[in-house]
Amino acid sequence: MEEFNKDEARRFIAEKFAAQGDFDILPKDIFEKMLDKVMALDEAFMDEAGVNDGAVYDDDQAFDYMMKGLQTAFPEQKMYAMRFVEDYMEYDEAYLESAGLIDWE
C-alpha cells in the first residue's frame, strides 16, 4: 500500500477546488490558509479519534470537528465553512482513492 503524501494531497485537493471555482471569491491567501487549516483539523481529528491506530473514520464526526474548527479560525468566512469542509472531504477521498490509500473494509 502506498504512503500518504501530504504535499501531493494538498496539490490534488487545491486543484479540485480551483477547477470547481466556487471559492474563487475568497482572497488567495485566505483560501490557502483555510485549506491548510482544514487539513490540519482533519489530521487532528484522526489523531484524537484513533484513526491512525485502526479506529474507523466517522465522516459525520470528522465533518463536525472540521467545520467548528474552521468557523472558529475564520469567523469572517464562517458562512463558507460547511461547503468548504464538504468539498474538502470529497476531494480528500478522491485523492486517497487515486493514490490507493483507501481500504473499504
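Is Phe45 buried or exposed at 6% relative accessibility? Phe45 counts as buried, where buried means under 20% relative accessible area, exposed over 50% and partly exposed in between (1.4 Å probe, protein chains only). The model is predicted: local features need pLDDT of at least 70, side-chain atom pairs count only at pLDDT 80 or more, and totals for chains, interfaces and linings use all residues. Residues are numbered from 1 along each chain as its sequence is written, and side-chain values use heavy atoms, with hydrogens and water left out.

Aromatic contacts were assigned to rings of Phe, Tyr and Trp (its six-membered ring) with centres within 6.5 Å; planes under 30 degrees apart count as stacked, over 60 as edge-to-face and the rest as tilted. The count comes to 11 aromatic pairs. In one of them, Phe4 and Tyr95, the ring centres are 5.8 Å apart and the planes stand at 85°, so the pair is edge-to-face. Phe4 lies in the segment before α1 (6-20) and Tyr95 in helix α4, so the pair ties together parts that are 91 residues apart in sequence. Helices are DSSP runs (H or I, at least four residues), numbered from the N terminus. Tyr95 is buried, with a relative accessible area of 2%, while Phe4 is partly exposed at 44%. The rings of Phe45 and Tyr65 have centres 5.6 Å apart and planes at 55°, so this pair is tilted. Phe45 belongs to helix α2 (residues 28-49) and Tyr65 to helix α3, so the contact ties together parts 20 residues apart in sequence. Tyr65 is partly exposed, at 26% relative accessible area. Ring pairs also link Phe17, Phe23, Phe31, Tyr80, Phe84 and Tyr91 into a cluster.

Side chains of opposite charge can pair when their charged atoms come close. The structure holds 6 salt bridges, each defined as a side-chain nitrogen of Lys or Arg within 4 Å of a carboxyl oxygen of Asp or Glu. Arg83 forms one with Asp22, the closest N and O atoms being 2.6 Å apart. This pair links distant parts of the chain, with Arg83 in helix α4 and Asp22 in the loop between α1 and α2, 61 residues apart. Arg83 is partly exposed at 37% relative accessibility, and Asp22 is partly exposed with a relative accessible area of 37%. Arg83 also meets Asp87 in a salt bridge (3.0 Å, N to O). Arg83 and Asp87 are 4 residues apart in helix α4, about one helical turn, and Asp87 is buried at 5%.

Key:
Helix = DSSP H or I, 4+ residues; strand = E, 2+ residues; numbered from the N terminus.
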